[in-house]
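I want to look up a few places, one at a time.

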Amino acid sequence: MIKYEWRTGLGPGEAAELAALLDRAAYHDAEAEHNSIDFGAVQRAMDAGTDSVRHLVIWMLPHTTALDQPDDPERIAGLIRLEFTGTREAEVTAVVDPMLRSIGIMTLLLEQAGVQPDPQLGWLGSGAHVLRAWARGNHPAAGRISKRFLIPSHRRIWKLVRPLDGLEGT
């Protein structure tokens, strides 16, 4: 169903596809304030060849959507960005294409890759042994993944918003 690979560069077609996915996801998630990844930051990090930022591209493999139709072609389904904050620690941001959510892309990735880092190579050979992630907004998949893979939640931050326009006495 999926494949994934650490990437240090993208071809023109992949870059356009990933940029469109990240823009679509940012627009879709803006109100809920879910995680986003700026494609410009991805491209700059890849162009710089830095080891302090790593990108795991996730592809959805060709699949059937209807019995009498041809398979949908392979396409980029998501991106995981690791930004190292220390020699063995990284902040994780993950974005999945809004059109492919709720079918288990992240669950399948974690089932295949596991959540425990290799003692020498880190998680998926990235060098990261401690991973921290924020699930911004009330992200339902983050809660499910945390419970399923026994990933502890360390802190919750609640934000209350009160509109200022239309209030009496202002």
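**Entry 1: a histidine in a loop**

I start with His129, and I find it in the loop between α3 and β5. The model I am reading is a predicted one. Is His129 buried or exposed? I look up its relative accessible area and get 16%. The limit for buried is under 20%, so His129 counts as buried.

Which residues does His129 touch, leaving out those up to four places away in sequence? I list Arg88, Pro117, Asp118, Pro119, Gln120, Leu121 and Gly122.

**Entry 2: a proline from that list**

I go on to Pro117, one of the residues that His129 touches. Pro117 sits in the loop between α3 and β5. Its relative accessible area is 26%, so I write down partly exposed.

I leave aside the neighbours of Pro117 within four places in sequence. Its contacts are then Gly122, Trp123, Ala128 and His129. I also check a distance from Pro117 to Gly127. These two are 10 residues apart along the chain, and their C-alpha atoms are separated by 8.6 Å.

Next I look at strand β2, residues 53-60. How many of its 8 residues are buried? I note 7, so the strand is largely enclosed by the rest of the structure.

Which strands pair with β2? Strand β1, residues 2-7, pairs with β2 in the antiparallel sense, over 6 bridges. In that pairing I find Glu5 opposite Val57 of β2. Strand β3, residues 75-84, is joined to β2 by 8 bridges, and the two run antiparallel. Here I pick out Ile58, whose bridge partner in β3 is Gly78.

**Entry 3: salt bridges**

I turn to charged side chains. Side chains of opposite charge can pair when their charged atoms come close. How many salt bridges does a search of the whole structure find? The search gives 9. I follow up some of them.

I begin with Glu14 and Arg7. They form a salt bridge, and their closest N and O atoms are 2.8 Å apart. Glu14 is partly exposed at 22% relative accessible area. Arg7 has 17% relative accessibility, so I mark it as buried. Glu5 is the residue I saw opposite Val57 in β2.

Then I check Asp29 and Arg101. Their side chains meet in a salt bridge, at 2.7 Å from N to O. Where do the two lie? Asp29 is in helix α1, residues 12-29, and Arg101 is in the loop between β4 and α3. The pair therefore ties together parts that are 72 residues apart in sequence. Asp29 is buried, with 4% relative accessibility. Arg101 is partly exposed, with 22%.

My last pair is Glu89 and Arg132. Their salt bridge has an N to O distance of 3.6 Å. Glu89 lies in strand β4 and Arg132 in strand β5, residues 130-133, so this pair ties together parts that are 43 residues apart in sequence. I look up how exposed each one is. Glu89 has a relative accessible area of 31% and is partly exposed. Arg132 has 39% and also counts as partly exposed.

Technical notes: Residues are numbered from 1 along each chain as its sequence is written. This is a predicted model: local features need pLDDT of at least 70, side-chain atom pairs count only at pLDDT 80 or more; totals for chains, interfaces and linings use all residues. Side-chain values use heavy atoms; hydrogens and water are left out. A salt bridge is a side-chain nitrogen of Lys or Arg within 4 Å of a carboxyl oxygen of Asp or Glu. Buried means under 20% relative accessible area, exposed over 50%, partly exposed in between (1.4 Å probe, protein chains only). Helices (H or I, at least four residues) and strands (E, at least two) are DSSP runs, numbered from the N terminus. Contact means heavy atoms within 4.5 Å. Two strands pair if DSSP finds at least two bridges between them.
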